[in-house]
Amino acid sequence: MAKPFALLRSGFPYHMTMGQRRVTSNAVDMAFGKEGRVYILCRGGLGLEIRIINWEDDNLGTIGTGTFQWPSSVLCDDDENLYVSDEAKNKVFVFNKDGELTSEWGVMGSGDGEFNRPSGMSFDGDGNIILSDVLNSRIQKYTKDGKFISQFGEEGDGDGQLRMPWGTTVDEDGSIFVSDWRNDRVQKFTADGKFVMKFGSSGDGKGEFDRPTDVAVDNDGDIYVADWGNNRVQLFDSDGKYVETFIGEANLSISGKQYVLANPTTLRLREMADLEPTKRLRAPVSVKVDDEGRLFITDFGSHRIQVYKKEAYRLSEDQIAPKLRNPILFTT
């Protein structure tokens, strides 16, 4: 789908909450399967596993319990095989949809095809895995069966250099976006690793980051960044210009309401509480977008997924005035 010339941004309202503590404990990443299955990668004291839920927020079981030490990212392919990177074990584990471990690959090191703390993963248009090799400060490409293809990046803070890169995503054009964690910025590369652009700097202001952990790009070319240390997600346009911030507006999920209603003490505590802090994001780790304009945020500190839904309308060049020299948005 071709990117629009411009957008009329009507709003980006809160849509729903998924998961709850004791089920999606310390959610770090998520992937979408078929028949409404949603795979939530959990990394916390209550579980190191993939938790399966659905859009009705039912708990459908777990995959990988007892396998992981410090899982970081999960992918789901067209056959519903699941790929999980584990930073501590320096491996990628592969499961089928029935939860059987079918393969594992990876070895610690700094040579081609080796890695040190593998983290964020994404598929490119050919079905290969783009993997963030955190402590080697580079990005590597593998086939789904673990065969090394290529790599780019080196440690530093110059254009195209990386310092502990974390999340990755690939847009429709094949461009690779990287959340450059230690450099507090996002970088964009061509499919073969050539530097294209960067945006962001250290801080808590608009367009600034405190250890960005993930990045996603939607069909309009908008860029979403999980600003982990600032407890927020920021939205940028395709040129890296700041648009808006999401701080969290969570309601109780379906399963959360069932749990609270069954516990009189919890009901009383909630009735007495200041509820505003319970809505907010706490250390969001990953961001995902889908073709329906939904934004999914793994709200790590609150053990849930917060979901927003985009309202925007595509504009052609003849529908909008040329860019203004000193734009100020106001209502007439």
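What covers the buried residues of helix 1? The model is predicted, so local features need pLDDT of at least 70 and side-chain atom pairs count only at pLDDT 80 or more, while totals for chains, interfaces and linings use all residues. Residues are numbered from 1 along each chain as its sequence is written, and side-chain values use heavy atoms, with hydrogens and water left out.

Select helix 1, residues 254-261, where S255, G256 and V260 are buried (under 20% relative accessible area, against over 50% for exposed and partly exposed in between, with a 1.4 Å probe and protein chains only; helices are DSSP runs of H or I with at least four residues, and strands are runs of E with at least two, numbered from the N terminus). Seen down the helix axis, these buried residues fall within an arc of 135°, taken from the directions from the axis to the C-beta atoms, so they line one face of helix 1. Their cover includes helix 2 (264-272), with contact meaning heavy atoms within 4.5 Å. Turn to the other side of helix 1 and Q258 and L261 are exposed.

Next, select L82, which is found in strand 8 (residues 82-86) and counts as buried because its relative accessibility is 0%. Not counting residues up to four places away in sequence, L82 touches Y39, I50, I63, V74, L75, C76, F93, V94 and F95.
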